[in-house]
Amino acid sequence: MKNGSLSLCTEFTLVAFSSLAELQLVLFVVFLVLYLFTVGGNLTIICVIWTTPSLHTPMYFFLANLSFLEMCYISSVVPQMLVHLLVQLKTISVAGCAAQMYVFTILGLTECCLLATMAYDRFVAICYPLHYTLRMDPSVCLKLAGASWMTGILVESAQTTWIFTLPFCGAGTIQHFFCDIMPVVKLACVDTSQNEIVIFIISFIFIMSPCLFILCSYVRIILTFLKMPSAAGRHKAFSTCSSHILVVSLFYGTALFTYLQPKSSHTPDTDKVTALMYTVVTPALNPVIYTLRNKEVKEAFQKVTQRKLHRQRD
């Protein structure tokens, strides 16, 4: 399509792994295994929570939400990446790229908010245990989860729509394996300095605000830990937070590095590595973290497995 003397893109080409032609089949197998493991692991957590009445608590309600979100999150990127590892023509239409960015960014921001909600749940449980059932009743949990999703949908829908009002020119080559924000913005054939400032501000507000809330919650939790008279009480309280702390560290570590650094610091190689961390590795680690480090989930999983074995024998 022509716009004056400029040739506007109607499709993009994702060339992240084009230079690794001899390794693409190996990468396909690795990413397929990680994808199946992630979906299977998170689906298992949801099923265990659903079928175990003792896990019908606010903490596990939010964990089930997180597991569902992680399945959608990795599914917004990896299936297309797997296809591109098997075909020569690694193209995606502008509309398809926009759709992928809508889904990916909405889920990413929703996860930021949901992790903050989970921190609030732990804060109330440990700092105000006598008020926990009142402050975190089912209606409150639904509202907090709903607010997380609505924030992600409203903010990222507006941002992605604004990004795709830009004209994209030239060959449309994206040095990435999916339609992430900065690699796409780099293809615009107009000055994007204002767009980048707005993207940075939005990222700062909506990534840092939940992050700061999580930090403040854990400062209060740590102060409460220190006031507990017994080591056993401190260990029990901390064990309910350790999995969440690990997941937050993995997610925010890569998100802050990716979206809060200036454009001049972005390189195709660093973008790809950090993107692989938060799109593939982190979602794959979350089921491991929550099953290996959470005694209640492990016990519930063992009971569900034993029930299935007994039914098969009968």
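Author: In this predicted model, three strands form an open sheet in the order 4-3-5, and their pairing is mixed. Strands (E, at least two residues) and helices (H or I, at least four) are DSSP runs, numbered from the N terminus. Two strands are said to pair if DSSP finds at least two bridges between them. In general, strands of a sheet pair through backbone hydrogen bonds, in either a parallel or an antiparallel manner. The edges are strand 4 (91–93) and strand 5 (173–174), each of which pairs on one side only. Strand 3 (residues 11–14) is joined to strand 4 by 3 bridges in the antiparallel sense. In this pairing, Glu-11 stands opposite Ser-93 of strand 4. Helix 4 packs on the sheet and touches strand 3, strand 4 and strand 5. Its direction makes about 85° with that of strand 4. Contact here means heavy atoms within 4.5 Å. Axes are lines fitted to C-alpha atoms, for helices over the stretch in contact, and angles between N-to-C directions run from 0 to 180 degrees.

A few conventions apply throughout. Residues are numbered from 1 along each chain as its sequence is written, and side-chain values use heavy atoms, without hydrogens or water. Local features need pLDDT of at least 70 and side-chain atom pairs count only at pLDDT 80 or more, whereas totals for chains, interfaces and linings use all residues.

Helix 4 also meets another helix. The axes of helix 2 (residues 58–75) and helix 4 (residues 94–127) come within 10 Å and cross at roughly 165°. The two are therefore roughly antiparallel; angles over 145 degrees count as roughly antiparallel, under 35 as roughly parallel, 65 to 115 as roughly perpendicular and the rest as oblique. Their crossing is left-handed, that is, the near helix is turned anticlockwise from the far one by less than a right angle; clockwise would be right-handed. Helix 2 contributes residues including Phe-62, Leu-66 and Tyr-73, and helix 4 contributes residues including Leu-107, Leu-114 and Met-118. By class, this contact has 13 nonpolar, 4 polar and 4 charged residues. Ala, Val, Leu, Ile, Met, Phe, Trp, Tyr, Cys and Pro count as nonpolar, Asp, Glu, Lys and Arg as charged, and the others, Gly among them, as polar.

Helix 2 has a further partner in helix 6 (residues 138–163): their axes come within 10 Å and cross at roughly 25°. Helix 2 and helix 6 are therefore roughly parallel, and the crossing is right-handed. Among the contact residues are Phe-61, Phe-62 and Phe-68 of helix 2, and Leu-142, Ala-145 and Trp-149 of helix 6. This contact divides into 10 nonpolar, 1 polar and no charged residues. Phe-62 of helix 2 takes part in the contact with helix 4 and in the contact with helix 6.

Finally, the setting of this part may be stated. The chain has 11 helices and 5 strands, and its C-alpha trace spans about 70 × 50 × 30 Å along the principal axes. A compact globule of 314 residues would have a radius of gyration near 20 Å, and the 22 Å of this chain agrees with that. The radius is taken over C-alpha atoms, and the globule rule is 2.2 Å times the number of residues to the power 0.38.
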